[in-house]
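Colleague: I would like to learn how to read side-chain pairs and helix packing in a model. Can we go through them one by one?

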Amino acid sequence: LTNNILFAQQSKEISSFFFFFRKNNISNVEKKMKSGFNTDGMIGVVALYNAKTPKMYRALIENGLELDGIYGALALIDAIDKGDLESVKILIDNGADLNTRAYITDEIKKEITSLNEHYYNDYIIMHRFLDPKEGGKPDTPFTYVLRNWAWSMSGHLGNEKEKYFLDLMDLMLESKKVNFGKTIYYNERQKYIDVLHYAIITDPN
């Protein structure tokens, strides 16, 4: 009974936290975090997933949300999918790792299952990043951008998307946080072709 009561209390706390995102209520999110609300793990990732503006991204990070390892990589790919270059930059500047493979581990599945009453139970369905133990070859945020840029070059995504992914690659390369398997020498005209062909990302797993 005690465990059930504790779970109900935690569930209520989480629900009230995510309610503020529906109205983009930054001040209440900040108050909740300053009161000691825990945003570790997938709670933080899904908070960023539901953030509607770069200002909300900053508020979450400035109030203690951390972007460690695989959680930062998942949050970064979410921001990339939103098409929000400014939010991507905020995450990179605050430690989201461009070189960590993003996939749903067994532990993350458990976390999502415990959160799925809170209007984002489709999160695990949307993220089809298969665990390498199950034969998956998940991307890092950087290779995810490379893959999408290559796809956009085929004309399937349109000129606007191609420019967006080029801007993302510029942002990531300029951050000097991408790990390469070899030094790349390139001129302006060929740089993206060379990066696409030779980039080998360090797998921390």
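Colleague: How many aromatic pairs are there?

Modeller: A pair of aromatic rings is described by the distance of the centres and the angle of the planes. This is a predicted model. The count comes to six aromatic pairs.

Colleague: Which residues form one aromatic cluster?

Modeller: F17, F18, F21 and F37 do.

Colleague: On to charges. How many salt bridges are there?

Modeller: Side chains of opposite charge can pair when their charged atoms come close. Here the count comes to five salt bridges. One of them joins K32 and E13, with 3.1 Å between the closest N and O atoms.

Colleague: Now helix packing. At what angle do α6 and α10 pack?

Modeller: Start with the angle and the distance between axes, then go to handedness and contacts. Helix α6 (residues 85-93) packs with helix α10 (residues 159-174) at about 20°, and the axes are 11 Å apart. Angles under 35 degrees count as roughly parallel, so α6 and α10 are roughly parallel to each other. Their crossing is right-handed.

Colleague: Which residues make the contact?

Modeller: From α6, they are L85, V88, K89 and I92. From α10, they are Y164, D167, L168, L171 and M172. By class, this contact of α6 with α10 has seven nonpolar and two charged residues, and no polar ones.

Colleague: Are α9 and α10 roughly parallel or roughly antiparallel?

Modeller: Take the angle again. The axes of helix α9 (residues 141-153) and α10 cross at roughly 150° and come within 9 Å. Angles over 145 degrees count as roughly antiparallel, and α9 and α10 are therefore roughly antiparallel.

Colleague: Is the crossing of α9 and α10 left-handed or right-handed?

Modeller: The crossing of α9 and α10 is left-handed. On the α9 side, P141, F142, V145, L146, N148, W149, S152 and M153 take part. They meet K161, E162, F165, L166, L168, M169, M172 and L173 of α10. The classes in this contact of α9 with α10 are 12 nonpolar, two polar and two charged residues.

Colleague: What about α5 and α9: how do they pack?

Modeller: Helix α5 (residues 69-82) and α9 have axes 9 Å apart, at an angle of about 25°. α5 and α9 are therefore roughly parallel to each other. The crossing of α5 and α9 is right-handed.

Colleague: Which residues of α5 and α9 meet?

Modeller: A73, L76, I77, I80 and D81 of α5 meet P141, Y144 and V145 of α9. By class, the contact of α5 with α9 has seven nonpolar residues, no polar ones and one charged.

Notes. Residues are numbered from 1 along each chain as its sequence is written. This is a predicted model: local features need pLDDT of at least 70, side-chain atom pairs count only at pLDDT 80 or more; totals for chains, interfaces and linings use all residues. Side-chain values use heavy atoms; hydrogens and water are left out. Rings of Phe, Tyr and Trp (its six-membered ring) pair if their centres lie within 6.5 Å; planes under 30 degrees apart count as stacked, over 60 as edge-to-face and the rest as tilted. Axes are lines fitted to C-alpha atoms, for helices over the stretch in contact, and angles run from 0 to 180 degrees between N-to-C directions. Helices (H or I, at least four residues) and strands (E, at least two) are DSSP runs, numbered from the N terminus. Angles under 35 degrees count as roughly parallel, over 145 as roughly antiparallel, 65 to 115 as roughly perpendicular and the rest as oblique. A crossing is left-handed if the near helix is turned anticlockwise from the far one by less than a right angle, and right-handed if clockwise. Contact means heavy atoms within 4.5 Å. Ala, Val, Leu, Ile, Met, Phe, Trp, Tyr, Cys and Pro count as nonpolar, Asp, Glu, Lys and Arg as charged, and the others, Gly among them, as polar. A salt bridge is a side-chain nitrogen of Lys or Arg within 4 Å of a carboxyl oxygen of Asp or Glu.
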